[in-house]
Amino acid sequence: MATITEVAPASFVKLQLRTAYGPVYRDVSTNPPRESRGDEIPLIDISAIYGDLEARKKLAKEIKHAAENTGFFYIKNHGIPESAIEGALDASKTFFAQPEDKKLLVHKSKGEWYNGFSGKYTAMASPTEGLDYRESFSWRYEPQYDPDPKDPNAVPEEVKPYIRGEQYVWDGTQHLPTFKQGCITYWQECVKLARRLVRIFALALDLPETYFDSLTTYPGSDGVFNFYPAMTPEEASASTDVGLGSHTDLQCFTLLWQDMSGGLQVLNKDGQWIKASPIKDTFVVNIGDYLMRLTNDRMKSTVHRVYNRSTVDRYSMPFFFGFNFNEKCGVLDVCTDETNPAKYEPISCGDWCQLRFAQTDQEGKDSKVDAY
Ligand SMILES: O=C(O)CCC(=O)C(=O)O
Ligand SMILES: [Fe+2]
């Protein structure tokens with residue numbers, strides 16, 4: 001009897017992705033990336049977030065639609081002051097312009113929780129795409145900087161082991177006089193906006209607006225600066241690099257500021273890369289794995305990557321937002337019924353992230369580079 005072997009159609013290639021449970025594969029079209037359409041990555045005016053309840057409910061409908069469709073959308077009138085963005089961008093440019101030995105003062109190997117500097121060609125988000133060309137600097141939640149003031153000495157016992165911020169990132173950047181302030185001011189604005197947005201997500205799920213409030217008192221809130229250095233024209237045409245390989249984000253949602261150089265691409269349902277090209281004065285928002293899990297896959301955490309072989313420097317500043325890392329949450333009741341039972345066990349956002357990091361760390365050790 002003949003054996004039937006499943007093969008992908010000729011115009012598709014297999015892409016390997018890392019997940020908390022090990023590698024998964026997607027068929028990806030070899031067609032060149034195309035511009036996205038407004039029905040795929042909509043531009044949503046979120047000024048209603050600062051308006052009355054009726055306006056917020058209307059906004060929630062728009063966001064729900066985008067979250068359940070591609071899981072990516074742009075936001076405008078977001079309320080993050082231009083000065084906070086400029087301050088962070090200045091901090092980022094100043095940091096990455098330093099000689100390597102200064103950046104190594106805050107290398108991520110100095111900490112426990114993946115804070116600090118990571119150099120180019122030291123990580124590989126997707127094993128199919130090779131080493132990542134980006135450099136990055138990360139910092140995480142510390143109660144003393146929470147814009148909703150917190151007494152650092154009164155952090156609940158169960159939360160303490162899940163605080164991920166580490167002091168060495170500030171100690172090792174003290175010689176840059178406005179660096180820390182640039183990071184923290186931007187981060188605080190992101191935390192404030194994310195706490196408002198999480199209420200819109202509650203409304204989008206037909207829950208009381210404040211439903212998630214108690215889960216975001218010490219939230220997962222990772223600030224990151226990404227830097228994709230310019231290549232010479234020769235390097236750019238010879239390059240086989242990916243800026244940042246294909247991946248999904250881990251927490252509830254990401255607020256991404258990107259400069260105007262371009263390179264962000266999103267994998268749509270048909271396996272086609274579509275460009276999330278920069279739009280001035282907007283952020284890109286995308287759903288992360290944890291929110292997809294809580295909503296029983298109703299909201300979509302979508303694969304994306306940065307692919308730019310550019311002769312100008314590219315900077316981006318993602319902010320990853322999730323629930324308090326200690327709170328164990330299961331699939332929301334509103335997302336299940338008799339014919340659609342919960343697909344996932346309860347887990348905390350902190351443990352969920354750790355699962356992927358532990359997995360990718362191991363893969364990283366096996367392949368002699370850090371995985372993402
Ligand atoms: O640099 C970008 O535009 C995207 C970065 C990203 O996807 C990430 O850091 O997770
Ligand atoms: Fe990402």
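**Entry 1**

I began with the hairpin of S1 and S2, where six residues sit between the strands and Gly22 takes a positive phi near 115°. This is a predicted model, so I read everything below as a prediction. Strand S1 covers residues 12-17 and strand S2 covers residues 24-29; I found them paired in the antiparallel sense over six bridges. I also looked up who faces Leu17, and the bridge partner in S2 is Val24.

**Entry 1: the five-strand sheet**

Next I traced an open sheet of five strands, which go in the order S3-S13-S12-S15-S10 with mixed pairing. Which strands stand at the edges? They are strand S3 (34-35) and strand S10 (244-247); each has a single partner strand, so one side of each is left without a neighbour in the sheet. S3 pairs with strand S13 (residues 273-275) in the parallel sense, over two bridges. Within that pairing I saw Arg34 standing opposite Ile274 in S13.

I then clicked on Asn268, which lies in the loop between strand S12 (264-267) and S13. Is Asn268 buried or exposed? At 8% relative accessibility, Asn268 counts as buried, because the cut-off for that is under 20%. Leaving out residues up to four places away in sequence, I listed Arg26, Arg34, Glu40 and Ile274 as the residues that Asn268 touches. Two of those names were already in my notes: Arg34 and Ile274 are the pair that stand opposite each other.

**Entry 2: the iron ion**

What holds the iron ion (ligand 2)? I noted three coordinating residues, His247 through NE2, Asp249 through OD and His304 through NE2, at 2.2 Å. Along the sequence, these donor residues are spaced H-x1-D-x54-H. I checked the accessibility of two of them. His247 counts as buried, at 6% relative accessibility, and Asp249 is buried too, with a relative accessible area of 5%. His247 also falls in my sheet notes, since S10 is given as 244-247.

**Entry 3: what the record says**

I looked up the UniProt entry, which is unreviewed; its annotation "domain: Fe2OG dioxygenase" covers residues 211-323. On the model, I found the end C-alpha atoms of residues 211-323 to be 12 Å apart. That span is 11% helix and 40% strand.

**Entry 4: the eight-strand sheet**

There is also an open sheet of eight strands, again with mixed pairing, and I wrote the order down as S4-S5-S14-S11-S16-S9-S8-S6. Strand S4 (43-45) and strand S6 (116-118) are the edge strands, each pairing on one side only. From one strand to the next, the twist averages 25°. I followed one pairing inside this sheet: strand S11 (residues 253-258) and strand S14 (residues 283-287) run antiparallel, joined by four bridges. There, Phe253 has Ile287 in S14 as its bridge partner.

What lies across this sheet? I found helix H2 (residues 82-96) across S6, strand S8 (135-139), strand S9 (219-228), S11, S14 and strand S16 (314-324). H2 runs at about 115° to S16.

Background jotting: in soluble globular proteins, nonpolar side chains tend to be buried together. In this model I noted that the largest nonpolar core has 83 residues, and that Phe137, Phe225, Phe253 and Leu255 touch the most other members. Helix H5 (residues 179-204) gives the most to this core, with 16 residues. A second, separate core has 13 residues, including Ile41, Phe72, Val266 and Ala276.

**Entry 5: two lysines to finish**

Lys280 sits in the loop between S13 and S14. I put Lys280 down as exposed, because its relative accessible area is 59% and the cut-off is over 50%. From Lys280 to Asn308 I counted 28 residues in sequence and 18 Å in space, C-alpha to C-alpha.

Lys328 lies in strand S17 (residues 328-329). Lys328 is exposed as well, with a relative accessible area of 64%. Which residues does Lys328 touch, not counting those up to four places away in sequence? I found Pro346, Ile347 and Ser348. Lys328 and Pro346 are 18 residues apart in sequence and 5.9 Å apart in space, C-alpha to C-alpha.

How values were computed
Residues are numbered from 1 along each chain as its sequence is written. Chains are lettered from A and ligands numbered from 1 in the order in which they are written. This is a predicted model: local features need pLDDT of at least 70, side-chain atom pairs count only at pLDDT 80 or more; totals for chains, interfaces and linings use all residues. Side-chain values use heavy atoms; hydrogens and water are left out. A nonpolar core is a set of buried Ala, Val, Leu, Ile, Met, Phe, Trp, Tyr and Cys residues joined through side-chain atoms within 4.5 Å. Buried means under 20% relative accessible area, exposed over 50%, partly exposed in between (1.4 Å probe, protein chains only). Donors are N, O and S atoms within 2.8 Å of the metal (3.2 Å for Na, K and Ca); water is not among the atoms, so sites may look incomplete. Two strands pair if DSSP finds at least two bridges between them. UniProt positions are given in the numbering used here, feature names are shortened, and annotations may be inferred rather than shown by experiment. Contact means heavy atoms within 4.5 Å. Axes are lines fitted to C-alpha atoms, for helices over the stretch in contact, and angles run from 0 to 180 degrees between N-to-C directions.
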